[in-house]
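Here's a quick briefing to read alongside the structure. It covers how the nonpolar side chains group together, then a few backbone spots that deserve a look.

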Amino acid sequence: MRIDVVTIFPEYLEPLNISLVGKARARGLLDVRVHDLREWTHDKHNTIDDTPYGGGPGMVMKPEPWGEALDAVRACGEDREPVLVIPTPSGRPFTQELAVELSQRPWLVFAPARYEGIDRRVVDEYAERWEVHEVSIGDYVLAGGEAAVLVITEAVARLLPGVLGNVDSHRDDSFAPGAMADLLEGPVYTKPPLWRERAIPEVLLSGHHGRVARWRRDQAFRRTAANRPDLIERCDPAVLDKNDRALLAELGWTERADKRFGRAVPSMEE
Ligand code: SAM
């Protein structure tokens with residue numbers, strides 16, 4: 001996969017040289033190119049922002065440098081159009097599902113903004129030619145999109161074939177679609193078996209694969225119910241077995257007529 005990042009802070013992307021992404025680059029699995037947006041300015045101050053039309057606080061990133069930068073990146077590219085990813089708090093939430101989708105694209109171009117964001121016409125212009133995703137990494141506002149680029153790149157890179165040593169490593173991850181019904185992953189343990197008088201759950205020493213799998217699934221349900229009740233509510237009852245249903249009932253969830261789960265409402269007599 002190829003990734004281009006256009007930014008006014010190229011040094012902010014230095015972490016892409018280390019750890020999993022850095023290794024993937026060194027092994028030729030990922031081709032990352034970071035570009036300084038100011039290279040596409042033509043005044044002596046390398047201006048990339050201006051005041052917003054309509055007034056108001058803050059500055060807006062000018063369309064001309066972005067347009068020239070994105071055209072230049074495209075021009076030194078492949079014989080296909082890239083996918084443009086624009087981090088913004090007003091974008092579509094970044095999820096594991098979107099990470100999987102992006103990991104299947106051969107070429108991503110990131111446009112992280114600063115100030116109040118990029119002049120809207122840039123999105124409108126490239127959306128006519130490229131696949132464009134405006135993506136939010138959470139319901140909070142950062143000072144710039146570079147941290148979001150690091151987050152998205154790492155989540156995408158670990159899904160690329162050959163990047164993780166064990167191909168099954170992301171199969172059991174939290175949010176992984178499949179048998180675990182989009183649950184959070186439960187707790188994990190390693191040696192020693194006793195640490196500060198804290199033992200690990202007996203079942204993990206049993207060597208009984210079925211019991212271990214059951215315990216892991218129960219833990220995943222317990223953790224999801226406690227931390228992400230919205231995921232339980234969205235859970236498709238068709239992927240649940242008898243034990244799952246009993247555990248959910250014990251935790252106060254009931255199957256609703258619309259074939260989803262909801263919290264049991266205590267009756268007046270209780
Ligand atoms: N005024 C903008 C708004 O409320 O939507 C916020 C602009 S923010 C100060 C500057 C830039 O940081 C954004 O354009 C975006 O690139 C990045 N950013 C901030 N929060 C983000 C988030 N939650 N997800 C993705 N990018 C974010």
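A nonpolar core here is a set of buried Ala, Val, Leu, Ile, Met, Phe, Trp, Tyr and Cys residues joined through side-chain atoms within 4.5 Å, and buried means under 20% relative accessible area. Keep in mind that this is a predicted model.

**Nonpolar cores**
- The largest core holds 27 residues, and those with the most contacts inside it are Ile3, Leu30, Phe94, Leu102, Leu108, Phe110 and Ile152.
- At least two residues of this core come from each of strand S1 (2-7), H1, strand S5 (83-93), helix H3 (96-103), strand S6 (107-110) and H5.
- H5 gives the largest share, with six residues.
- Skip the neighbours within four places in sequence, and Ile152 is in contact with Val85, Phe94, Leu102, Phe110, Val135 and Ile137.
- There's also a second, separate core of 21 residues, including Val6, Trp40, Trp107 and Ile118.
- As background, nonpolar side chains tend to be buried together in soluble globular proteins.

- For reference, most peptide bonds are trans, and most residues other than glycine have a negative phi.
- The Lys191 to Pro192 peptide bond is cis, with omega near 5°; Pro192 sits in the loop between helix H5 (146-157) and strand S8 (194-195).
- Ser19 isn't a glycine, yet has a positive phi of about 55°; look for Ser19 in helix H1 (residues 19-26).
- Arg196, also not a glycine, has a positive phi of about 50° and lies in the loop between S8 and strand S9 (198-199).
- Arg196 counts as exposed because its relative accessibility is 68%, and the cut-off for exposed is over 50%.

Technical notes
Residues are numbered from 1 along each chain as its sequence is written. This is a predicted model: local features need pLDDT of at least 70, side-chain atom pairs count only at pLDDT 80 or more; totals for chains, interfaces and linings use all residues. Side-chain values use heavy atoms; hydrogens and water are left out. Helices (H or I, at least four residues) and strands (E, at least two) are DSSP runs, numbered from the N terminus. Buried means under 20% relative accessible area, exposed over 50%, partly exposed in between (1.4 Å probe, protein chains only). Contact means heavy atoms within 4.5 Å.
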